[in-house]
Amino acid sequence: MKSSRLASFLPYLAVGLLALFPLVDTSFYLQLLTKVLIMAIFAMSLDLLVGYTGLVSFGHAAYFGLAGYALALMAPKYETVSLWWTLPASIGVCALFALITGMLVLRTRGIYFIMVTLAFAQMLFFVFHDTKLGGGSDGVYIYAKPTMQFGETVLLNLEKLENFYWLVLVLAAGSYLLLRRILGSSFGRALLGIKVNEHRMRALGFPVFKYQLASFTLAGSLAGLSGYMAAVQYGFVNPEILSWHQSGAVLMMVILGGMGTLYGSVVGAFAFVLLQEVLSNQAWFGIAAKHWQLAMGIFIMLVALYMPQGLAGLAQKFRKPQQESADE
Amino acid sequence: MNDAILSTRALTKRFGGLVAVSDVSLDLHVGEVHVVIGPNGAGKSTLTNLLSGDLPPSSGQVMFEGRDIAGCSSDHISRLGIGRSYQKTNIFLPFTVFENCRLAAQSRTPHAMRVFHRAEGYAEVNRRAEEAMEAAGLTHRSGRVAATLSHGEQRQLEIAMCLATQPRVLLLDEPLAGMGPHESQRMVELIKKLTADHAIMLIEHDMDAVFALAHRLTVMVNGEVLESGTPEAVRSSPAVQAAYLGGEEMLHE
């Protein structure tokens, strides 16, 4: 009882502490943490599919990258653009793309689903890579951060790193709460039922396809939210953000953190981004830093072997004995 | 004959060259248990799959309340009011007994797509889940994870989930398979109780249960209906006795 109350309090504590981080640092580490939180939203959106609907997508970067390109194409070159309409519009583009691709990919299952989602992401990759639409392989710059203002009053100046960080923190926390809420609803329970036993759900009268499509569209929209924020943070987009490396990275975050726990995806995003930062640090690892993927690969294999539930599984291992004794 | 709630006409299913179900016509009435027996491979489970929409028929009709539902998807057929249980236990193993039944009951609510309201917050859904558990004798197992139940209890849960969807037609595929004598007895009592306001098609091998329950008996062999009628008529049919060979004594018991 005590431990579960502590556990439900933990996310609020984490957000509170994170909100204070700009007191510690307002440059490099703050930017790194911003990146972590953006990837956390991205990973949570994928966990909705992989961990809660039983759909392993290997093309989730398509929605992440598409939102970035949507912003880049909507933003005039030397003027600022308002966040109020570009953010919903970018997410809307992703939602629409997810809805359309979802109708096609959800006709497949298992390994075919993995391949078809990858194929759609690759198609999008080459659309931006091989045409002048988004600057080809060089990408496009977004010179100014979007503005958040009502009339003349500036609500939040995103050029300031800590302001942007707080916005991302609020969005990440909001995404977590939204997903928690949705997963606790009848809709969320139906998704979980589909993950566990799709055939039985159908026999019980659930229109499985509609539920999967709704989940796929929601996941694509949230990936769009994170992709938009990533594009704002870096100030440019290039086809790399749509690549299968990116889809693979976010899948690794979800697996690393522990599928189907939601907070695991946040932990996984932290672990992945920080580890990448550490392993590619030349001052520490010299020549090996160039080949950080190798060390990362070994680390992920070890996690998969010894912690099949991911990092979140560790926390559950500590919590379980207490829960069982409480049940007696 | 038109008061049948569910009836098939010339229902046929081919898998390539194999005819699994051939020209089957039968009727289900509310208040009656229609038992289908036959040796393994006779097409009994395939017939169930055709009625529940798990498989599309190759030809023929499935009439439900006067409408042809042949070829409809299984979720659609379920929502019309035709529930089924599976020969091989088909439940949500990681969920609690209550959640298994609650999910089944949830499928009947128009607000199943609501995303902000807590799943446990619907009194009507909870009540139906509890009624289903009660009917199947699982109330004392409500909080147990389904995977930890005994085989017999999992069979009961299979039926409870089916009941929670409030069907009018029940298609029960060997509900007694693998059950002990005590559990079997309880299941037979449950099916008897359900007969009053359901139309039931029962596939079963246990002859004691068959003759305890059947109002109407159909014998299938090689995908075809060999004989159909009252249990007494079928029992005395020479064709059935010939086909069943060793089972002859069993039918005369």
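Helix 5 of chain A, residues 110-130, has 21 residues and reaches 30 Å from its first C-alpha to its last, close to the 30 Å expected at 1.5 Å a residue, where the expected span is 1.5 Å times one less than the number of residues. Helices (H or I, at least four residues) and strands (E, at least two) are taken here as DSSP runs numbered from the N terminus. The model is a predicted one, in which local features need pLDDT of at least 70 and side-chain atom pairs count only at pLDDT 80 or more, while totals for chains, interfaces and linings use all residues. Residues are numbered from 1 along each chain as its sequence is written, and chains are lettered from A and ligands numbered from 1 in the order in which they are written.

Within helix 5 of chain A, the buried residues are A:Phe113, A:Thr117, A:Leu118, A:Phe120, A:Ala121, A:Leu124, A:Phe125 and A:Phe128; a residue counts as buried if 20 or more other C-beta atoms, placed from the backbone, lie within 10 Å of its own, as exposed if 12 or fewer do, and as partly exposed in between. Seen down the axis of helix 5 of chain A, these buried residues fall within an arc of 155 degrees, so they line one face of the helix, the arc being that of the directions from the helix axis to the C-beta atoms. An α-helix has 3.6 residues a turn, so residues three or four places apart point the same way. The buried residues of helix 5 of chain A pack against helix 3 (61-74), helix 4 (83-105) and helix 9 (244-257) of chain A, whereas A:Ile111, A:Tyr112, A:Phe126 and A:Asp130 are exposed on the other side of helix 5.

Chain A as a whole has 13 helices and four strands. The radius of gyration of chain A is 20 Å, close to the 20 Å that the globule rule gives for 328 residues, so chain A is as compact as a globular protein of that length; the radius is taken over C-alpha atoms, and the rule is 2.2 Å times the number of residues to the power 0.38. Of the 328 residues of chain A, 46% count as buried.

The contact between the chains takes 25 residues from chain B and 21 residues from chain A, two residues being in contact if their C-beta atoms, placed from the backbone, lie within 7 Å. On the side of chain B that touches chain A, helix 2 (74-80) and helix 3 (97-106) of chain B are the elements that give two or more residues, and the largest share, four residues, comes from helix 2 of chain B.

In chain B, strand 9 (residues 216-221) is mostly covered, with five of its six residues buried. Strand 9 of chain B pairs in the parallel sense with strand 3 (residues 33-37) of chain B over four bridges, strands being paired if DSSP finds at least two bridges between them. B:His34 has B:Arg216 of strand 9 as its bridge partner. Strand 9 of chain B is also joined by five bridges to strand 10 (residues 224-229) of chain B, with which it runs antiparallel, and B:Val221 stands opposite B:Glu224 of strand 10. Two residues lie between the strands of this hairpin, where B:Asn222 takes a positive phi near 50 degrees.

An open sheet of four strands in chain B has the order 2-1-4-5, with antiparallel pairing.
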